[in-house]
Amino acid sequence: MTGWAQATTLTVLTHDSWAMDKGLVDQFEAQTGIKLRFLKGGDAGAMLNKAILSKGAPIADVIYGFDNTLLSRALAAGILQRYLSPQLKNLRAETLLDPQGYATPVDYGFVALNYDKDYFRNKPLPTRLADLAKPEFAKLLVVENPATSSPGLAFLLTTVAAFGEDRYLGFWADLRKNGVLVANGWSEAYYTHFTRAGGDRPLVVSYTTSPAAELFYSEARPKPSTPPTGNLLFPKGTFFQVEFAGILKGTQNLAAAQKFIDWLLSKPVQEAIPTQMWVFPALRGAALPEVFKWAETPSQPVRLSPEWIAANRDRWIEEWTRTVLQGQAPSR
């Protein structure tokens, strides 16, 4: 170990869904002499807000878990320090959304609607986004607030892409009339309001990997052969999401932070990510676990450029807030 590493504690600000194999963390600490401290900051949007508000006196050295819906906000805030990891050349090209190297892609996934198979066993499922506003699906859907939640924002962007700027607010106004429930973040939506967790909403905005996670963690005996939940993969009904890590400007532990970024992109960590955080690894060639056969890849996900999101995100959130939370008539 080098002298600086022996005394280094690296603080990593993460969203609440951060998880990593303890053996890999222990191995990193033993090999580098860097002690890792993980600071959970809420959903991705709330976490990023904490990092921005503490600019100048950063509460962490590294941030992990902001995504392409929030990328421009992180870059514009000037909270990140540039670092081009030597591992970047091994990552999937579609994840490399920041060529300047301030935000390093770590994983990707697809935000999608999940449904409870038991609830819909003898009932029709929606076949397109517009169906969610029909009377037969009244008070069945829970979504996340796009102002505080990255999957919530991803779903809002999905509706903009699906309906266009002239009609997306009308869709949301119809959802409000149909009793859509808005949760602050993914954990609240999924683990409180979704019927699989004892709630009363059998439709939830989550990820295409969620059915695989349900099967993986199932305690039912005998172990089921298929997940209890499914994905609704409508055309233009899912969103391609990339999660990033970045070094926070002002860190006193730059070398340690760079080592941590490289470690996140290493093959052992990338191959652990699927069953730790239920997303796909950004590393090309990283093996996926068998259970990921239930983690579907949609054929027509919405892919929006960070530039277009940056130019319109705040306005879309404000319009959504007025329409859905305040009940104002859509202005367009």
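**Close-ups of aromatic rings**

**View 1. Arg303 lies over the face of Phe240, at 4.2 Å from the ring centre.** Elsewhere, the charged end of Lys123 sits over the ring of Tyr119, 4.4 Å from its centre. For a charge to sit over a ring, NZ of Lys or CZ of Arg must be within 6 Å of the ring centre and within 35 degrees of the ring normal. This is a predicted model, where local features need pLDDT of at least 70, side-chain atom pairs count only at pLDDT 80 or more, and totals for chains, interfaces and linings use all residues. Residues are numbered from 1 along each chain as its sequence is written, and side-chain values use heavy atoms, leaving out hydrogens and water.

**View 2. Phe38 and Phe260 make a tilted aromatic pair.** Rings of Phe, Tyr and Trp (its six-membered ring) pair if their centres lie within 6.5 Å; planes under 30 degrees apart are stacked, over 60 edge-to-face, and the rest tilted. Here the centres are 6.4 Å apart, with 55 degrees between the planes. Phe38 belongs to strand β2 (residues 35-40) and Phe260 to helix α9 (residues 254-264), so their pairing ties together parts 222 residues apart in sequence. Helices (H or I, at least four residues) and strands (E, at least two) are DSSP runs, numbered from the N terminus. Phe260 is buried, at 0% relative accessible area, while Phe38 is partly exposed, at 28%. Buried means under 20%, exposed over 50%, and partly exposed in between (1.4 Å probe, protein chains only).

View 3. Tyr108 is buried, at 10%, and so is Phe110, at 3%. Ring pairs link Tyr108 and Phe110 with Phe216, Tyr217, Phe240, Trp278, Phe280 and Phe292 into a cluster.
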